[in-house]
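Q: I would like a close look at a single part of this model. Please take it step by step, and then show me what surrounds it.

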Amino acid sequence: MLPSGRRLDRATALFVSLLAVGFLVATFDVRASGESATGILRSGVQTLAEPVQRGIDFVVRPAVGFIDGISNVAGLRDQNERLVAEVGRLEQRLRETAALERRVRELEAINDLAPPEDLAAITARIYSSGASTFDEVRFIDKGSSHGIVEGQAVMDESGLVGRVDLVTPSSARVRLITDPIVSVGVRLQDTNQTGAVTGRGDDLLRLDMFDASEPVREGVVVLTDGSLFPPGIVVGFVNETKAADVGFALRTTVEPAAEFSTLDFVKVVIGWSPLDVDPATGDPLVDAPSFTDPGSVRE
Amino acid sequence: MTNVKIFIALGLVVGAALIQTTVFQHVRPFGYAPALGLLTVIAIARLLDPEPTLFVAFTGGFLQDLLGGAPLGLWASAFTVVAFVTLKVRDREVAGPIAVLAGVFGLTLLGQFTFAILGTLFGQSIINRPGFFGHLVVPAILNMLLAYPVFWVARMAVRPGERTWAA
């Protein structure tokens, strides 16, 4: 079945044509920011694929859980010892941060940044991940018919997970905060200094502070500042103590509070909209930094 | 070449995309997932004529784009490149398991790298990620492990008239 020279030439021409189409589509999609025809196409395909994906997930999840359970029996004793030590360490941290929390509450009251006590949220289950190892997205089994719109914050029991960036009637895509094109406005719990956390594509986040008058200490809690996400959601913990390098600029890393490798159920906060984001679409209004715009990360 | 074979090949890449987004959400050896879509395209490129292969590869990549988070067209282009290179090398006089596995490793690496380059050009910040090398190499190694089962499934489904390297 060796292709003849003529057929190979046709194949080469087709290859070049398809590459050109791929580039054109990519350019169009980036320029349209996922809106218009490409957004409709994504939603349509996601709607079609969702029942099959859910079905496969329904079958595979228990099997994987069973195998995981068996393989983990031997390690349960070690895990228990580690957890006991972890509880002791966390209790110590709680005692140490009690005074700081009081101070933060006072500052929140002054700055009107206190997290809303009763944010309306719905629980959703993750049924699918991205299609490649480079994708930092998850798909959840709730959509616009449950009150979800683009831009809403997604959390797990530990902290911020990401932001809804594509919605169909019965499902939604969540872009994780570990994605390098995602940036979150944050403040530090101890000093209330503000900055931006950006994904790196791995298990750490990058914290940039532009007016750091005090050093940042390891272990300090990093919270959302209320610009694009509800204020007061735990984003993570400072991973490395750092002082400002040049002027007041500072860069360090943050360990996310959410455990992305074991995400199962998440909460979508549907009862809060930032002032600078259109509540209907989740799109930032004029002059607001775009969540998915790499340019929103000020260097 | 019948249209039936092309539709079967399309079904295989659709199935690969669905398995990739569900099964390999849970099963992630070393924290990475294999690139099943790329592996399926390599398998199909060994069995179909050039034009249908390129068409199936582009369509499969486009579907992977639609089910993922990157701009549309990037995986479509990467899949097409891998299919084209596979078509170029499939009839070389090299055979045997080692050559096949090396080919799968190299072609998967090529596809992943092509996507990384294109993704970076289109603002996805892929190449400068920490652990980027692992994202390239580990899926290629996992694809080597899955190569023969996937090749077998593809051959049984498409049933070509003849066997090419290591079929």
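This is a predicted model: local features need pLDDT of at least 70, side-chain atom pairs count only at pLDDT 80 or more; totals for chains, interfaces and linings use all residues.

In which loop of chain B is Pro71(B) found?

A: Pro71(B) sits in the loop between helix 3 and helix 4 of chain B.

Start with the residue itself. Pro71(B) has 24 C-beta neighbours inside 10 Å, so it counts as buried. The cut-off for that label is 20 or more.

Now look at its contacts. Leaving aside residues up to four places away in sequence, Pro71(B) touches Ala26(A), Asp29(A), Val30(A) and Phe122(B). Gly123(B) is 52 residues away from Pro71(B) in sequence. In space, their C-alpha atoms are 9.3 Å apart.

Helix 3 of chain B covers residues 50–67, and helix 4 of chain B covers residues 74–89. Two packed helices are described by the angle between their axes and the distance between the axes. Here the axes come within 7 Å and cross at roughly 150°. That makes helix 3 of chain B roughly antiparallel to helix 4 of chain B, because angles over 145 degrees get that label. The crossing of helix 3 of chain B with helix 4 of chain B is right-handed.

Which residues make this contact? From helix 3 of chain B they include Pro50(B), Leu54(B), Phe58(B) and Phe62(B). From helix 4 of chain B they include Leu74(B), Trp75(B), Phe79(B) and Leu87(B). By class, the contact of helix 3 with helix 4 of chain B has 14 nonpolar, six polar and one charged residues.

Helix 4 of chain B has another partner. Its axis and that of helix 2 of chain B come within 9 Å and cross at roughly 35°. This crossing of helix 2 and helix 4 of chain B is right-handed. Helix 2 of chain B contributes Gly37(B), Leu38(B), Val41(B), Ile42(B) and Ala45(B). Helix 4 of chain B answers with Phe79(B), Val82(B), Ala83(B), Thr86(B) and Leu87(B).

Pro71(B) touches residues of chain A, among them Val30(A). The contact between the chains takes 46 residues from chain B and 47 residues from chain A. On the chain B side, helix 1, helix 3, helix 4, helix 5 and helix 6 each supply at least two residues. Helix 1 of chain B gives the most, with eight residues. The chain B side divides into 25 nonpolar, 17 polar and four charged residues.

What about the partner? Chain A has three helices and 12 strands. Of its 299 residues, 36% count as buried.

Finally, check the confidence. The mean pLDDT of chain B is 87, and 93% of its residues reach 70 or more. Within chain B, confidence is lowest in helix 1, at a mean of 89, and highest in helix 2, at 94. Chain A averages a pLDDT of 79, with 78% of the residues scoring at least 70. Over residues 284–299 of chain A, the pLDDT is below 50. The model scores ipTM 0.87 and pTM 0.78.

Definitions and conventions
Residues are numbered from 1 along each chain as its sequence is written. Chains are lettered from A and ligands numbered from 1 in the order in which they are written. Axes are lines fitted to C-alpha atoms, for helices over the stretch in contact, and angles run from 0 to 180 degrees between N-to-C directions. Helices (H or I, at least four residues) and strands (E, at least two) are DSSP runs, numbered from the N terminus. Angles under 35 degrees count as roughly parallel, over 145 as roughly antiparallel, 65 to 115 as roughly perpendicular and the rest as oblique. A crossing is left-handed if the near helix is turned anticlockwise from the far one by less than a right angle, and right-handed if clockwise. Two residues are in contact if their C-beta atoms, placed from the backbone, lie within 7 Å. Ala, Val, Leu, Ile, Met, Phe, Trp, Tyr, Cys and Pro count as nonpolar, Asp, Glu, Lys and Arg as charged, and the others, Gly among them, as polar. pLDDT is the predictor's confidence in each residue, from 0 to 100. A residue is buried if 20 or more other C-beta atoms lie within 10 Å of its own, exposed if 12 or fewer, and partly exposed in between; C-beta atoms are placed from the backbone.
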